[in-house]
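Here is my note on this model, with the points in the order I would go through them. Please keep the structure open as you read.

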Amino acid sequence: MINKVAVLLVVLLFIIAALASDPDPVMDFCIAKSPDNSFSCKNSSTATVEDFTYSGIKSPGNFKQTGFSSMAVNSNVFPGLNTLGVSFVRADFGVGGVNVPHFHPRATEVAFVLEGKIYSGFVDTNNKVFAKVLEKGEVMVFPRGLVHFQMNVGDRPATILGSFDSQNPGLMRIPNAVFGSDIKEELLEKAFGLSSKELSKLKKREAPMAAIRGKTCACFLPLFTHCLVIH
Ligand SMILES: *[C@@H]1O[C@H](CO)[C@@H](O)[C@H](O)[C@H]1NC(C)=O
């Protein structure tokens, strides 16, 4: 009886381990028909080299108010990645730019510094921080699901390339998830010891519209204040 339970436990552990990463491919490739991670493939005889290349990250994306821009290249924008269990992100930092604390629920990330000097780190489940300044050419790994963060501490723009062991790692930015969502205000005030005034300031900053406003303003940086008035 105990043996049976043990075997069952081992089997369960294997199943859990297998579920913890993207499934193995069962074909050479499976170019996604639609950008929804549905794993339905377009007819492979119609595949061309264009399905396996991506040109969308030659230059930085739109910068947010935090001086940070990221362009996720997952299977939604690059259908050729579908079923292959990998994806990546280009991230650019203005001087002092910050990639706010965030995590990827479905992937470990390896980040390579292409340019610049970036204070980079993560927090484990004991709240221990592992962080240091990375220079051009250096690499850091952020274990799956752990909160991590980066800041450009150099005197010029910085760029990193992050790689994920999932075609769709997911992204949860802590400030947005907490203050930009519809969690009951009373709960947030109690949880963070905030007055309703302090909370509404944070909520305004993280509201979905703030991201759009940040983008618009980054495009017209000299018109920053004007831009804020418009929106
Ligand atoms: C894929 O395309 C080829 C060539 O057009 C065709 O012969 C084949 O039947 C198609 N396969 C499927 C499953 O539609």
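1. First, a definition we will need: a residue is buried if 20 or more other C-beta atoms lie within 10 Å of its own, exposed if 12 or fewer, and partly exposed in between, with C-beta atoms placed from the backbone. Please keep in mind that this is a predicted model, where local features need pLDDT of at least 70, side-chain atom pairs count only at pLDDT 80 or more, and totals for chains, interfaces and linings use all residues. Residues are numbered from 1 along each chain as its sequence is written.

2. Two residues are in contact if their C-beta atoms, placed from the backbone, lie within 7 Å. Residues up to four places away in sequence aside, His 104 touches Glu 109, Phe 164, Pro 169, Gly 170 and Leu 171.

3. Glu 109 belongs to strand 4 and is buried too, with 24 C-beta neighbours inside 10 Å. Its contacts, leaving aside neighbours within four places in sequence, are His 104, Phe 142, Gly 162, Ser 163 and Phe 164.

4. What does the record say here? An unreviewed UniProt entry lists Asn 99, His 104 and Glu 109 under "binding site". Positions are given in the numbering used here, feature names are shortened, and such annotations may be inferred rather than shown by experiment.

5. Five strands form an open sheet in the order 1-2-9-4-7, with antiparallel pairing. Strand 1 (68-73) and strand 7 (139-142) each have a single partner strand and stand at the edges, so one side of each lacks a neighbour in the sheet.

6. Within that sheet, strand 2 (residues 87-93) runs antiparallel to strand 9 (residues 158-164), and seven bridges join them. Strands pair if DSSP finds at least two bridges between them. Asp 92, for one, has Thr 159 in strand 9 as its bridge partner.

7. Finally, look at Gly 145, in the loop between strand 7 and strand 8 (148-152). Gly 145 is partly exposed, with 15 other C-beta atoms within 10 Å. Leaving aside neighbours within four places in sequence, Gly 145 is in contact with Phe 103 and Pro 105.

Technical notes. Helix = DSSP H or I, 4+ residues; strand = E, 2+ residues; numbered from the N terminus.
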